[in-house]
Amino acid sequence: MTETVIQTHKLSKIFGGLTAVDKVDLTVPEQAIASIIGPNGAGKTTFFNCVSGFYTPEEGDVLFYGKPIQGNATDKICSMGISRTYQNIRLFSQMTAIENIIVGKHPRLKGTWWEAILHNRRYIQEEEDAVKEALHWLDFVGLAGLGDQLALNLPYGAQRKLEIARALASEPKLLLLDEPTAGMNSQETAEMTAFIKSLRDDLGITILLIEHDMKVVMGISDQITVLDYGTKIAEGKPKEIQANQRVIEAYLGPGAAALSKKFQRKKSHDA
Amino acid sequence: MRTSIKNGIRLGAIVGVVILFFHLTGFSVVASSMLGSLLANVDKGAAMEEIPALNLAVILALMGMIAGGSASKNKQNDKWSNSLVSGAVAGAFAGLLTGIFIFVIGFANFKEIDLRNYLPEIGPDVIDSLLFGGNAAAPYLYLALLTVSGITGAALSKGVIRADWRKKAQADSVQSFKTLTQKPGVQKLFGNKIAMYGFLALAALLLYFLPTQWGSYWNYIMGTVGIYILLGLGLNIIVGLSGQLVLGYVAFFAIGAYTFGLFTAPEPHAIGMNFWLAILFAILAAAATGVLLGLPILSLRGDYLAIVTLGFGEIIRILIKSDMLTDFTNGPSGLSDLTQPKWLGQTFNDVNFFHLIVIFVAIAIFIAGRLQYSRTGRAWLAISADQTVAKATGINTYKYKLLALALGAAFAGLGGALFASRNQFTGPEDHILMVSINVLCLVIVGGMGSIPGVVVGSFVLKGVPELLRDLESYRLLAFGALLVVMMVMRPEGLWPIGRPAMEAAYNQKHPKDSPPEGEVQS
């Protein structure tokens with residue numbers, strides 16, 4: 001039986017009078033690609049922020065390999081093995097691509113400030129290894145040769161990839177991707193989809209994904225959770241979600257499910 | 001044509017206002033007197049009436065040429081006629097502005113209205129010299145002079161500075177310089193460690209022998225520059241690298257100076273500690289203060305942090321000065337007769353002290369440089385770029401901010417102790433807010449986060465004012481203008497630095513690890 005990587009139990013986050021996430025249960029097994037979808041303002045990113053430690057949930061637990069992690073600071077959660085990317089790219093723009101990746105590796109390095117001044121043998125070795133590994137990640141995301149560019153000078157797609165490389169450098173067990181294909185054209189989206197799949201297949205990383213592009217979601221997800229107004233309205237395999245009435249209504253409004261059925265009937269009738 | 005005229009009016013207005021400013025502050029008269037000593041037609045200390053009108057005319061003509069030249073510097077002005085029109089309009093507009101001003105003050109003078117009630121610098125004799133010796137036609141002379149010089153400036157700019165033959169010559173010289181630097185021999189020299197050590201040795205030799213030659217005055221000035229380099233390096237860690245805007249930096253300077261002073265001064269405690277030990281204690285005390293201050297306030301960000309630290313700087317100074325602590329700190333009268341360093345039984349003279357400062361600066365540059373490109377330095381930069389993301393990337397932001405503050409404070413503590421020891425005195429008035437602002441300025445002028453920038457910035461902020469002593473009371477005015485011009489021309493600082501090219505360096509070091517595509521190594 002595969003182990004559960006992340007599990008939330010009745011997770012709630014309240015802003016003033018607004019319950020942004022309302023008693024959401026979610027279980028993601030190891031090496032799965034789990035997607036969270038929902039209309040705008042459904043609480044997807046808030047849910048992400050609760051898992052990655054940006055917010056402390058008012059109620060409920062976040063269990064990472066069975067251990068509760070809610071309330072921990074983000075740097076601690078990161079060093080436990082959860083990394084994330086952001087909906088609007090947030091790189092360290094005045095640093096080079098390589099440096100961004102090495103900063104991502106920060107929790108796995110040990111060099112202290114006095115070692116940096118003394119330049120002892122261990123420190124030099126560690127720095128050299130860090131550069132080597134950063135170059136490996138750079139190559140892995142397909143940005144080899146752009147390592148010495150400042151992050152802000154990279155094209156949009158490359159910045160998205162660099163953000164993922166930075167997240168990968170901390171050797172995470174769970175990777176949270178917040179709309180990785182936002183603003184990409186269809187070819188770039190296809191590339192990114194294949195890339196996300198390879199992360200799971202080649203590196204064995206569990207992936208939790210927020211995505212609006214249904215092609216991407218339906219193509220790679222092992223399980224899909226649908227949020228609407230902070231509550232979970234559906235969960236299951238892509239096929240099951242596509243047929244779910246409540247999901248269709250959440251996206252298209254009440255009555256849309258009936259229309260869609262009619263449409264489907266008409267299609268089968270025509271055929 | 002319309003853009004040429006617009007451009008002309010714009011630059012004419014700017015230069016006209018600058019001339020008015022010079023007139024109103026009385027700088028024009030001082031400048032013509034200085035020009036007099038250059039042209040050798042005025043004796044030193046000569047009265048205002050003895051300055052020939054020619055000098056003022058030369059200055060005005062220069063300003064007009066600047067106006068005309070800059071106005072004609074426009075992409076659309078590739079035609080001679082457009083260039084000249086721009087220059088003429090610029091000169092004429094500047095002339096119009098100043099002409100009206102001259103007419104008004106001349107008229108007021110004629111009516112015997114004492115303008116000094118409103119404009120303190122404009123006395124009758126100043127008006128006389130501004131009117132080319134009380135010439136009634138002065139407004140027309142201004143207009144004519146500035147228009148003609150505007151056209152001349154435009155013609156010079158079009159015909160000489162922007163001429164094709166000159167551009168070509170410039171491009172050629174740049175190209176030949178580039179080919180020179182790309183010759184393998186020269187390249188080797190740049191990358192060569194021996195050459196670098198040779199250069200360093202030369203610099204060390206210069207720094208060793210120069211102080212014995214240039215006298216104690218320059219030793220004092222350059223020593224101050226050195227101490228400001230120390231302060232700048234420390235603040236550069238806090239503001240330039242970790243991005244925490246700390247405005248009360250002088251507090252750490254004061255802690256360093258007073259720790260040193262209290263341990264070595266005969267009054268009020270008479271501990272009589274050894275110089276080197278006292279320096280060490282000063283550094284430690286400043287660093288500890290940094291940590292203690294940082295613990296409660298480093299969760300603040302941006303403006304809030306700036307305000308809190310600003311307050312802290314003032315609190316320290318006022319505490320030192322206060323009656324409450326007079327028995328402990330000697331209050332407003334400060335600490336005097338501080339220990340001078342001794343080495344092998346010999347007390348340091350000014351040359352030795354300068355050498356001591358140079359050694360400390362060298363050590364500080366070494367430490368700051370190593371930190372900057374380390375894991376610690378990267379963490380600082382990440383925090384300054386985006387604190388939230390830095391934390392989510394696994395950086396303990398609180399710890400690193402605290403470390404930056406402690407290390408920065410330690411540099412300031414060393415600077416303060418050296419400053420106090422060299423003056424053999426330290427008092428509350430050494431530790432005013434201006435010190436913090438000066439250090440922040442030199443970090444910004446040099447280029448945030450850049451170590452060579454700090455060095456250059458210190459020379460500019462503490463050295464250049466000394467070079468401007470000839471300007472007498474206009475020294476700080478000119479210095480301020482210089483700073484404005486520098487920041488407008490180079491907003492990123494005088495010597496900004498990029499980030500290291502790690503990929504290129506790695507590939508150069510391990511050429512086998514990255515075989516070209518399509519080739520398989522066997």
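Before anything else, a word on what I mean by a helix: helices here are DSSP runs of H or I with at least four residues, numbered from the N terminus. With that in hand, we can look at helix H1(A), which is followed by A:Gly53, a residue whose phi is positive, near 95°. Please keep in mind throughout that this is a predicted model, and that the model scores ipTM 0.90 and pTM 0.81.

Let me stay with H1 of chain A for a moment, which covers residues 44–51. Is this helix largely enclosed or largely open to the outside? Seven of its eight residues are buried, so the helix is largely enclosed by the rest of the structure. The buried residues of H1(A) are A:Lys44, A:Thr46, A:Phe47, A:Phe48, A:Asn49, A:Cys50 and A:Val51.

Next comes the sheet in chain A, where six strands form an open sheet with mixed pairing, in the order E6-E7-E8-E3-E9-E10. The two edge strands, each of which pairs on one side only, are E6 (82–84) and E10 (231–236) of chain A. Neighbouring strands of this sheet are turned against each other by 20° on average, if we ignore direction.

Another is H10 (residues 245–252) of chain A, which touches E9 (223–228) and E10 of chain A, its direction making about 130° with that of E10(A).

Now let us turn to the place where the two chains meet. The contact takes 33 residues from chain A and 26 residues from chain B. On the side of chain A that touches chain B, the elements that give two or more residues are helices H2 (74–80), H3 (97–104), H4 (113–118) and H5 (121–140) of chain A, and the largest share, five residues, comes from H3(A). Sorted by class, that side of chain A has 15 nonpolar, twelve polar and six charged residues.

Why do we call B:Met502 buried? There are 22 other C-beta atoms within 10 Å of B:Met502, and the cut-off for calling a residue buried is 20 or more. Leaving aside residues up to four places away in sequence, B:Met502 touches A:Thr96, A:Ile98, A:Val131, A:Gly147 and A:Asp148.

Elsewhere in chain B, the axes of helix H1 (residues 2–25) and helix H4 (residues 80–110) come within 7 Å and cross at roughly 35°, and the crossing is right-handed. The contact of H1(B) with H4(B) has 15 nonpolar, eleven polar and no charged residues.

Let me finish with confidence in chain B, which averages a pLDDT of 85, with 93% of the residues scoring at least 70. Within chain B, confidence is highest in helix H17 (residues 397–423), at a mean of 95, and lowest in helix H8 (residues 184–191), at 66. Over residues 514–522 of chain B the pLDDT is below 50, and this stretch has two contacts in the model beyond near neighbours in sequence.

How values were computed: Residues numbered from 1 in each chain as written. Chains lettered and ligands numbered in written order. Predicted model: local features only at pLDDT ≥ 70, side-chain atom pairs only at ≥ 80, totals over all residues. Axes fitted to C-alpha atoms, helices over the stretch in contact; angles between N-to-C directions. Left-handed = near helix turned anticlockwise from the far one by under 90°. Nonpolar A, V, L, I, M, F, W, Y, C, P; charged D, E, K, R; others polar. Pairing = 2+ DSSP bridges. Contact = placed C-beta atoms within 7 Å. Buried ≥ 20, exposed ≤ 12 C-beta atoms within 10 Å, placed from the backbone. pLDDT = per-residue confidence, 0-100.
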